[in-house]
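Hi there,

Here is the structure I promised to pass on to you. Have it open while you read, and my notes on it follow below.

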Amino acid sequence: MRASATGWVVLAACVCATAEAAQTWLRYRLSPCPQANVEIAYLPGIYERLSGTRPPELKTPPPNLSGKPFFGRVLGKRLVVLDRGRPNSSVYDLLWLDRNKDGRLSDDERFELKLAHQGYRGATVSLEFDGAILQIFTVLARVTSDMAFVQVLNAGYYSGDVAFGDKAYRVALVDRNANGLFNDATKDGVHGDLVLIDQNGDGRFDARRRESQDLFYVGKYVRVDGKFWRVVVAPDGAEIGVERAEPAMGRLQLDEKDVAIVIVGQEGRYCLSRETDGELFETPAGSYELESVFIRRETRDGRHWTLKSREGRKPFSVVENQTTKVNVGDPLVAVAMADRGGGAIRFNFDLLGEDGLSYQVLVDGSLGTAMPRLELKAKDGSWRKEHAFQYG
Ligand SMILES: [Ca+2]
Ligand SMILES: [Ca+2]
Ligand SMILES: [Ca+2]
């Protein structure tokens, strides 16, 4: 392994493809700063909430534990302990990770966390999988007034030029769930590892935007150049195989004219987009979840109005040679909810579509609409208070 001045590390450098098998070796690259301006500007990771209860499988805890450590499991169910380096400090800057999974935390499993960004502290951790495959992770930790959690990112990824028929595209593989394997497929509603394909050829992988055409999960198929391809990812991420596929297809009917939807299932992840009415979407038959919806309309005075789903998933099936109607967007129902906890009452406000997804309204591309207000008052009118909802 050799580190260059730019901080990238190259473990292997060979791109070779045979005509019939279309197997391609990829190069391992390390992005020490996930926000760095490299071809993947964003490496998605996983969040794991920590608990104050010591797990029974922790046989030997770290020495000199403070009065309030946090415990959890990350990186292939390895025990992790987050603690304060100095007992009188409120800063959680010490992380222990049971790298060898023996239930004991030794000196070489101790990491001092450095201030990273937005209240996170982090460290770089290398781990061996199957005694040989080395992966490098960024582990970030944060403690707030009501919870503690870690975010784990696989700081490395594989990329290279891969032929899809006559044309080559830049492809990257990301171990999204940070378990050391690159071939976890989407299953039971849990997204798989990432296959990124630079379809617009701008030299960058768009992994952040939900409406990205570059973003796929490991699954049965990807769609490149309007065609479907079966992709086989090696567990260690170093090799990818691509072959042309002709899956059984079904059709989707949406009433909106100018619309994009993201659907995810074992058949793949597809962002289906159109700007005018009339076309039916075609996609491999199978079970999916409707994950994101973007509806664009123009008001009479020429302003652009977008309904954008925030979160939520709705299951549906696409049947071979049949047309399935999918209702998206309005009518929206305004829902207010109250949670009591920690001596306070928290109010949430949501706009729910008939598809079950939560929506926000953008006017001319920004959240410029008036915020809803909450009025609280005593039944007998002796007390009254008004609050404005905030996004977030
Ligand atoms: Ca250990
Ligand atoms: Ca994985
Ligand atoms: Ca791109």
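In which order do the 4 strands of the open sheet with antiparallel pairing stand? The order is S6-S7-S8-S9. A word on terms: strands are DSSP runs of E with at least two residues, helices are DSSP runs of H or I with at least four residues, and both are numbered from the N terminus. Two strands pair if DSSP finds at least two bridges between them. Strands S6 (70-74) and S9 (110-112) are at the edges with a single partner strand each, so one side of each has no neighbour in the sheet. On average, neighbouring strands here are turned by 25° against each other, direction ignored (the axes are lines fitted to C-alpha atoms, for helices over the stretch in contact, and angles run from 0 to 180 degrees between N-to-C directions). S8 (residues 92-97) pairs with S9 over 3 bridges in the antiparallel sense, and Trp-96 has Arg-110 of S9 opposite.

Before you go further, please note that this is a predicted model, in which local features need pLDDT of at least 70 and side-chain atom pairs count only at pLDDT 80 or more, while totals for chains, interfaces and linings use all residues. Residues are numbered from 1 along each chain as its sequence is written, and chains are lettered from A and ligands numbered from 1 in the order in which they are written.

Now the chain as a whole. Its secondary structure comes to 33 strands and 0 helices, and the C-alpha trace spans about 80 × 65 × 40 Å along its principal axes. Of its 392 residues, 33% count as buried (20 or more other C-beta atoms within 10 Å of a residue's own; 12 or fewer is exposed, in between is partly exposed, and C-beta atoms are placed from the backbone).

The largest nonpolar core has 82 residues; such a core is a set of buried Ala, Val, Leu, Ile, Met, Phe, Trp, Tyr and Cys residues joined through C-beta atoms within 7 Å. Leu-82, Leu-173, Val-195 and Leu-196 have the most contacts inside this core, and strand S22 (residues 259-265) gives the largest share, 6 residues. Leaving aside neighbours within four places in sequence, Leu-82 is in contact with residues including Phe-70, Tyr-92 and Leu-95 (contact means that C-beta atoms, placed from the backbone, lie within 7 Å).

Next, have a look at two hairpins. S18 (residues 221-224) and S19 (residues 227-233) pair antiparallel over 4 bridges, with Val-224 opposite Lys-227. There are 2 residues between these strands, and Asp-225 in the turn has a positive phi of about 60°. S19 is also joined by 6 bridges to S20 (residues 239-245), again antiparallel, and Val-233 has Ile-240 as its bridge partner. This second hairpin has 5 residues between its strands, and Gly-237 in the turn has a positive phi of about 80°.

Finally, the domains, whose bounds come from an automatic or database domain assignment. They are domain 1 (2-43 + 156-245), domain 2 (46-126 + 142-151), domain 3 (249-325) and domain 4 (333-358 + 369-388). The C-alpha centres of domains 3 and 4 lie 30 Å apart, and their contact takes 7 residues from domain 3 and 4 residues from domain 4. On the domain 3 side, S25 (286-298) and S26 (304-311) each supply at least two residues, with the largest share, 3 residues, coming from S26.

Enjoy exploring!

Notes:
Contact = placed C-beta atoms within 7 Å.
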